[in-house]
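Please look over the sequence and the model shown below before reading on. The paragraphs that follow go through the structure one part at a time.

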Amino acid sequence: MSDAREDEALGDALSDSDILKALTLHSARGGGPAIGGARLRHVRRQQLLRCRVVRFTERRHETPRTAFGKEDLSALPLYEGAITDHPLPEPEGPGKITLVRAGSYRPVPCPCDNGSQQCAGCSGSGGHPCTCRNEPPPCDVCLDVAPCAACEKAGGARVRTTKARPAASGPGVTAPGAGRVSCAVCRTPEAACPRCSGRGRVRCPHCDGRGRETCARCSGRGVGTHDVCGGKGSLTHWVEGTVEYAHETASLSLPKPDWPDKVRQRLTTAARWQRRTVPPGGGVPAGVDDEHRAAVAAHLTRGRVELSRRVTLETCPLARVELMDDPHRVFHVFPGARSLEVVSTLSDRLKRRLIAAGAVIIIVVVLVLRLLT
Ligand SMILES: [Zn+2]
Ligand SMILES: [Zn+2]
Ligand SMILES: [Zn+2]
Ligand SMILES: [Zn+2]
Ligand SMILES: [Zn+2]
């Protein structure tokens, strides 16, 4: 009744009679109700395959390089022509080699002034006109409104000079109720604003009354570092060749698992995988199932940058078994260290029924699980 295949490897390892023998042994060891005299209802045989290719690769690149100033490349080996054609000794392992193309080394002076250039922030002048336009700004304490009680009484024309004095500072000046001071204009004692002494205006804090601010970018020097040469005054151009050796690992696992985690775990820990020898030419080894051959061939394709490789390819047969008289269980059978391993799980049909049965049945599920495990 099983859909036995013509694959020798599978048939050899998992014949119907071997499976039945293994199931009987499994139930005898306490793997569930007795299976004696059981008949197979359905057997699906699959070949599991895992393949790991570690390629030792070589990649070569050529890059135009530029450095600030004079670059000392005398320690690097030279190559002629294209880096791809340059002969190199057999590599010992992963690593990177950096080379310089012969004749490509070119130190050039920068057209700037020895690494400096006119400051772009101030066009070389070292400063900017201040935003105050050389007008002293109003005092920040009296806001130029009645800076002196006596001057106000004198009325008429504002006699205040625009020549502001340095603003008085300190907490006492701006404290609430700070005392009035002698007016610098009309000389009346205790009449004027403590910050501006009655002038109504203070010296501009940005330019200190000079009308010009120092350029922040060049600190007033008018020259700055030339970005193109990094301030070095010269540049070095050359062509760099690199050769990189690396181990690159690619893994393949077939088929996509459709079995429960319980089975997956047993397969990783207890299955006896059979090593298959890949022919030196890199073809798909004998014993690999037909349905895997195309994927394995693609996985083994030789890469353009591949120098050598190490391949491990292993297979393991797996049978999914249903019995005539035991519709609620599915058995997964595969070769173990000494004999066939059996992992039993609930059948999908039973799982569906249990889920559909609802809350009351949950108690039954627990009981069934207890019985089965
Ligand atoms: Zn500047
Ligand atoms: Zn006054
Ligand atoms: Zn004031
Ligand atoms: Zn100013
Ligand atoms: Zn420069």
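Over how many bridges do strand 1 and strand 11 pair, and in which sense? Strand 1 (residues 40–68) and strand 11 (residues 306–323) are antiparallel and share 17 bridges, where two strands are said to pair if DSSP finds at least two bridges between them. This is a predicted model, in which local features need pLDDT of at least 70 and side-chain atom pairs count only at pLDDT 80 or more, while totals for chains, interfaces and linings use all residues. Residues are numbered from 1 along each chain as its sequence is written, and chains are lettered from A and ligands numbered from 1 in the order in which they are written.

The chain has eight helices and 13 strands; helices (H or I, at least four residues) and strands (E, at least two) are DSSP runs numbered from the N terminus. Of its 373 residues, 20% are buried, a residue being buried if 20 or more other C-beta atoms lie within 10 Å of its own, exposed if 12 or fewer, and partly exposed in between, with C-beta atoms placed from the backbone. Among the contacts with a separation of 6 or more, 76% are between residues 24 or more positions apart, a contact meaning that the two C-beta atoms, placed from the backbone, lie within 7 Å.

Strand 1 also pairs with strand 9 (residues 234–254), again in the antiparallel sense, over 20 bridges. Serine 308 is classed as exposed because it has 10 other C-beta atoms within 10 Å.

From strand 11 the chain can be followed into two hairpins. Strand 11 and strand 12 (326–335) form a hairpin with two residues between them, and they pair in the antiparallel sense over four bridges, with arginine 320 opposite histidine 332 of strand 12. A further hairpin, through four residues, joins strand 12 to strand 13; these strands are antiparallel over seven bridges, and valine 333 has valine 342 of strand 13 as its bridge partner. Strand 12 is mostly covered, with seven of its ten residues buried.

Which elements cover the buried residues of helix 2? They include strand 1, strand 11, strand 12 and strand 13 (340–346). Helix 2 (residues 16–28) has 13 residues and reaches 18 Å from its first C-alpha to its last, close to the 18 Å expected at 1.5 Å a residue, the expected span being 1.5 Å times one less than the number of residues. Its buried residues include Ile19, Ala22 and Leu23. They lie on the same side of helix 2 because they cover an arc of only 100° around the axis, the arc being that of the directions from the helix axis to the C-beta atoms. An α-helix has 3.6 residues a turn, so residues three or four places apart point the same way. The face turned away from the buried side of helix 2 carries the exposed residues Ser17 and Ala28. After helix 2 comes glycine 30, with a positive phi near 95°.

The largest nonpolar core has 26 residues, of which Ile19, Ala319, Val333 and Val342 touch the most other members; such a core is a set of buried Ala, Val, Leu, Ile, Met, Phe, Trp, Tyr and Cys residues joined through C-beta atoms within 7 Å. At least two residues of this core come from each of helix 2, strand 1, helix 5 (261–270), strand 11, strand 12 and strand 13, and strand 1 gives the most, with five. Leaving aside residues up to four places away in sequence, isoleucine 19 touches Leu14, Val43, Ala319, Val321 and Val333. A second, separate core of ten residues includes Cys139, Cys148, Cys183 and Val185.

Some backbone details remain, in the loops. A cis peptide bond, with omega about -15°, joins leucine 254 and proline 255, and proline 255 lies in the loop between strand 9 and helix 5. In the loop between strand 6 (127–129) and helix 3 (149–154) is aspartate 144, whose phi near 60° is a positive value in a residue other than glycine. Alanine 146, found in the loop between strand 6 and helix 3, has a positive phi near 50°.
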